[in-house]
Amino acid sequence: MKHTITVAEVQGIALDRESQLPIVLLKTSHPGRIIPIPVGPSEASAIIVEVEKVHPPRPLTHDLIAELFHRHNFSLLYSEIRDRIEDTYTAFIHYRRHFRKHSMEVRPSDAIALALRMEAPIHINPLLLAEAEHSLDVFRHLHGDDILLLEPDYRDHAV
């Protein structure tokens, strides 16, 4: 059975009350649903830097990977948040070189950071929507107000 594709954008970064670690909030194309992806501080920083279009004096790791993709004729087709096993999300990048397609399992934060840099869509497995937060307001109620809402201008379309 084939599922419809659910596309997401980075809406913000929250700080988990208990662990004090960042959570990337992905706003989905399914109205009112967000997917909270826990990440480390460095990974959150790499995502914020790209969404806010901050240009550090030297390239970050994801910038180098994006440059390698460009130089060697790889195209990032999309990043995918595929599954959730206990409290850990799994992710893949799907890319192409010439006529061959490839997939690679990566950390969700890397999939998101690379998709942002390469202007590729972020796909969410529709089965994850069943356990997704209903809205940013519900997330705030459950997790607190420590949320940095980002204004992504890296896309020409709204989700």
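The charged end of Arg 97 sits over the ring of Phe 74, 5.4 Å from its centre, where a charge counts as over a ring if NZ of Lys or CZ of Arg is within 6 Å of the ring centre and within 35 degrees of the ring normal. In a second case of this kind, the charged end of Arg 82 lies over the ring of Phe 92, at 3.7 Å from its centre. This is a predicted model, in which local features need pLDDT of at least 70 and side-chain atom pairs count only at pLDDT 80 or more, while totals for chains, interfaces and linings use all residues. Residues are numbered from 1 along each chain as its sequence is written, and side-chain values use heavy atoms, with hydrogens and water left out.

**Aromatic rings**

- A search of the whole structure finds three aromatic pairs, a pair being rings of Phe, Tyr and Trp (its six-membered ring) whose centres lie within 6.5 Å, with planes under 30 degrees apart called stacked, over 60 edge-to-face and the rest tilted.
- Phe 69 and Phe 74 form a tilted pair, 5.6 Å from centre to centre and with 55° between the planes.
- Ring pairs also bring in Tyr 95, linking Phe 69, Phe 74 and Tyr 95 into a cluster.
- Phe 69 is buried at a relative accessible area of 10%, whereas Phe 74 is partly exposed at 25%; buried means under 20% relative accessible area, exposed over 50% and partly exposed in between (1.4 Å probe, protein chains only).

**Overall architecture and confidence**

- The secondary structure of the protein chain comes to four helices and eight strands, where helices (H or I, at least four residues) and strands (E, at least two) are DSSP runs numbered from the N terminus.
- Along the sequence, these elements follow the pattern β-β-β-α-α-β-β-β-α-β-α-β.
- Of the 159 residues of the protein chain, 45% count as buried.
- Among contacts between residues at least 6 apart in sequence, 56% join residues at least 24 apart, a contact meaning heavy atoms within 4.5 Å.
- The mean pLDDT of the protein chain is 85, and 84% of its residues reach 70 or more; pLDDT is the predictor's confidence in each residue, from 0 to 100.
- Over residues 154-159 the pLDDT is below 50, although this stretch has 19 contacts in the model beyond near neighbours in sequence.
- Where pLDDT is low, the predicted coordinates should not be read in detail.

**Strand pairing and hairpins**

- Strand E1 (residues 6-15) and strand E2 (residues 22-28) pair in the antiparallel sense over seven bridges, with Lys 27 in E2 as the bridge partner of Glu 9; two strands pair if DSSP finds at least two bridges between them.
- The hairpin of E1 and E2 has six residues between the strands, and in it Gln 20 takes a positive phi near 60°.
- E2 also pairs with strand E3 (residues 34-38), in the antiparallel sense and over five bridges, and here Val 24 stands opposite Ile 37 in E3.
- Five residues separate E2 and E3 in their hairpin, and Gly 32 in the turn has a positive phi of about 75°.
- Strand E2 is mostly covered, as six of its seven residues are buried.
- Strand E5 (residues 88-97) and strand E6 (residues 100-106) run antiparallel and are joined by seven bridges, with Arg 97 having Arg 100 in E6 as its bridge partner.
- The hairpin of E5 and E6 has two residues between the strands; His 98 is found in this loop, has a positive phi near 55° although it is a residue other than glycine, and counts as exposed at 51% relative accessibility.

- All eleven residues of H3 are buried, among them Asp 110 and Arg 117, and just after the helix Glu 119 takes a positive phi of about 50°.
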